[in-house]
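Reader: I am new to this structure and would like to learn how to read its features one at a time. Could you take me through a few of them?

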Amino acid sequence: VWGDANCDDKVTMADAAAIFQSLGNADKYALSKQGAKNADCCNNGDGITANDALAVQQFTANLITKLPTKSA
């Protein structure tokens, strides 16, 4: 599931927090392989960035209706 960084099958603010934590201290708060794949939801393919966490926050707050992906 796009944005599901903690792999609990739903996109919530906990996923944004997991992304921010992994960015701040990857050794302590590493995402699983699948979690990292899910977390790269904004401009998929550019790696995990703060923009991914921001997109998850906006999605959960209903400010956007889908997570942005890189156009083909």
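Author: Let us begin with contacts, a contact being a pair of heavy atoms within 4.5 Å. Leaving aside residues up to four places away in sequence, A18 touches A5 and L31. Please keep in mind that this is a predicted model, in which local features need pLDDT of at least 70 and side-chain atom pairs count only at pLDDT 80 or more, while totals for chains, interfaces and linings use all residues. Residues are numbered from 1 along each chain as its sequence is written, and side-chain values use heavy atoms, with hydrogens and water left out.

Reader: Which residues make up the largest nonpolar core?

Author: In soluble globular proteins, nonpolar side chains tend to be buried together. A nonpolar core is a set of buried Ala, Val, Leu, Ile, Met, Phe, Trp, Tyr and Cys residues joined through side-chain atoms within 4.5 Å, where buried means under 20% relative accessible area, exposed over 50%, and partly exposed in between (1.4 Å probe, protein chains only). Here the largest such core has twelve residues: A5, V11, A16, A18, I19, A39, C41, C42, A53, A55, V56 and L67. The elements that give two or more residues to this core are α1 (13-24) and α3 (50-60); helices (H or I, at least four residues) and strands (E, at least two) are DSSP runs, numbered from the N terminus.

Reader: How many disulfides does a search of the whole structure find?

Author: A disulfide is a pair of cysteine sulfur atoms within 2.5 Å, and the search finds zero. The sulfur of C7 is too far for a bond, because the closest cysteine sulfur, in C41, is 13 Å away. For C41, the nearest cysteine sulfur is that of C42, at 6.5 Å, and C41 is in no disulfide.

Reader: Is C41 buried or exposed?

Author: C41 is buried, since its relative accessible area is 0%, whereas C7 counts as partly exposed at 33%.

Reader: What does the side chain of N38 make a polar contact with?

Author: A polar contact is a pair of N or O atoms within 3.5 Å; within protein, one must be able to donate a hydrogen and the other to accept it, and residues adjacent in sequence count only if both atoms are side-chain atoms. The side chain of N38 makes such a contact with the side chain of Q34, at 2.7 Å. N38 lies in helix α2 and is buried, with a relative accessible area of 7%.
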